[in-house]
Amino acid sequence: MGESANESGMRQVRPRVLIVDDEPAICKALKVALERAGYEAIAAQSGDSALTVLSLEPVDVLLLDLRIPDTRGDVVFELAAATHPHLRDHTLFMTGDLSDRAHKLIQSCHCPMLRKPFELREMIDAVDALVPKRGREAEDRSA
């Protein structure tokens, strides 16, 4: 996981999010928003490159577009979860595809989904909910 220095100079681990979307502008916007929210973000613009990242580096959360040209999002999800079982519960799907097939996939894996277009705050909140420690800290701040 990525590290950053806090005010006291101690190193703290930042949760790592892998963004998978074939649109460069979306990847860039999501990466910047996640980094500003305290995450380490890695962007992959194809399913194949996402699978390569997953074979080389650990990630805490997968932010996955269902419609990517080379390797469909559902295939990336299944392959990712096979090698990184925690991603089965730590994946956030993004899609503009509201087909029955997409809906059934999302329901079957019990992962949250954001419908494109969405607000960056919605995405950050959804990722926060998938990272248990960050989610608890957010609850403590709002209480």
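Me: Happy to start with the cysteines: is C27 buried or exposed?
Reply: Keep in mind that this is a predicted model. C27 has a relative accessible area of 2%, and buried means under 20%. C27 is therefore buried.

Me: And C111, buried or exposed?
Reply: The relative accessibility of C111 is 7%. Since the cut-off for buried is under 20%, C111 counts as buried.

Me: How many disulfides are there?
Reply: Two cysteine sulfur atoms must lie within 2.5 Å to count as a disulfide. By this rule the count is zero.

Me: Now the helices: how are α2 and α3 oriented to each other?
Reply: Helix α2 covers residues 47–56 and helix α3 residues 73–83, and their axes come within 10 Å. The axes cross at roughly 10°. Angles under 35 degrees count as roughly parallel, so α2 and α3 are roughly parallel.

Me: Which classes of residue make up the contact of α2 with α3?
Reply: From α2 come G47, A50, L51 and L54, which meet V76, L79 and A80 of α3. Gly is classed as polar. By class, the contact has no charged residues, one polar and six nonpolar.

Me: What about α1 and α5: what is their relative orientation?
Reply: The axes of α1 (residues 24–36) and α5 (residues 120–130) come within 10 Å and cross at roughly 60°. The crossing is right-handed. With that angle, α1 and α5 are therefore oblique.

Note on methods. Residues are numbered from 1 along each chain as its sequence is written. This is a predicted model: local features need pLDDT of at least 70, side-chain atom pairs count only at pLDDT 80 or more; totals for chains, interfaces and linings use all residues. Side-chain values use heavy atoms; hydrogens and water are left out. Buried means under 20% relative accessible area, exposed over 50%, partly exposed in between (1.4 Å probe, protein chains only). Axes are lines fitted to C-alpha atoms, for helices over the stretch in contact, and angles run from 0 to 180 degrees between N-to-C directions. Helices (H or I, at least four residues) and strands (E, at least two) are DSSP runs, numbered from the N terminus. Angles under 35 degrees count as roughly parallel, over 145 as roughly antiparallel, 65 to 115 as roughly perpendicular and the rest as oblique. Contact means heavy atoms within 4.5 Å. A crossing is left-handed if the near helix is turned anticlockwise from the far one by less than a right angle, and right-handed if clockwise.
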